[in-house]
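Biologist: Could you walk me through this structure, taking it slowly?
Modeller: Gladly, let us look at it together.
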Amino acid sequence: MTGAFAFRTACVTDVGLAREHNEDNVLARPDVGLWAVADGMGGHGGGDVASGAVVSALKTLAPSATAAELLAEFETRIVRVNADLRAMARVRGGAIVGTTLVALLIHGTNFACVWCGDSRCYLLREGALSQLSRDHSEVQELVDRGLLRQEEASHWPRRNVVTRALGATDQADLEIIDGPARPGDRFVLCSDGLTAHVADGEIAAVLTAADPQKAVDGLLSLTLERGASDNVSIIVVDCAEPPPPPILPEAGRAAHLIPKSQI
């Protein structure tokens, strides 16, 4: 809990049914107001290292006094990780050591979604699901330019090609969207291992489960049923009203609760 909300969080990361190694990493820090999914690229020893470096850098983030401070410290650490990944790639002769990233930051009643790549952030509010992030991918650019219909995107042969990733360029090319968070909001962060198999409408249907753990388990089960061709990572974050403060006895009544023998 960070003041305005009591958070209920559930998360999972799974290797899937086609890969030998899990290159995804997830982070849940409700005490700070930070959740993240990183989907590594470059194979074993590359992608898992990159996504792990991001999570390791964010694990030690301390609580911030303001939303601006939280975002600034987050960005400082991501810029540093990006530089480290670039240096690692040069040592390896230019081999890819990269990762996508989607993160949710909540401070007070404000949220920020920060991402790079095609890992996604959704918001379920009053029963309606909306995608907050916009994929940094070749197929999304074709859809945006009107060269590809949305229904064709899931079958496009280069649908897995991302146009931004940490470690891919010398600058950490992040995008951000922010706004007010409300009691009852449910946020979902996921790697493309989920969205490759489960459509937005199906995600919304599974998210009707009141328990965030049941929602996460349901989304993972559906992905596995459909072949889970990639690693899959999912985080669900519920923003609930904080519990009311305890009611203390009135000072005038306290004396009546003390045995006379002790007065």
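Biologist: Which residue stands opposite valine 12 in β10?
Modeller: Valine 12 stands opposite isoleucine 234. This is a predicted model, in which local features need pLDDT of at least 70 and side-chain atom pairs count only at pLDDT 80 or more, while totals for chains, interfaces and linings use all residues. Residues are numbered from 1 along each chain as its sequence is written, and side-chain values use heavy atoms, with hydrogens and water left out.
Biologist: How many bridges pair β1 and β10?
Modeller: β1 and β10 (residues 232-240) pair over nine bridges, in the antiparallel sense; strands here are DSSP runs of E with at least two residues, helices are runs of H or I with at least four, both numbered from the N terminus, and two strands pair if DSSP finds at least two bridges between them.
Biologist: And what is the strand order in that open sheet of five?
Modeller: The order is β1-β10-β9-β6-β7, with antiparallel pairing. β1 (6-14) and β7 (128-131) are at the edges with a single partner strand each, so one side of each has no neighbour in the sheet.
Biologist: Changing topic, where does alanine 209 lie?
Modeller: Alanine 209 is in the loop between α6 (200-206) and α7 (212-225). Leaving aside residues up to four places away in sequence, alanine 209 touches Arg186, Lys214 and Ala215, where contact means heavy atoms within 4.5 Å.
Biologist: How far is its C-alpha atom from that of glycine 40?
Modeller: The two C-alpha atoms are separated by 29 Å, and the residues are 169 apart along the chain.
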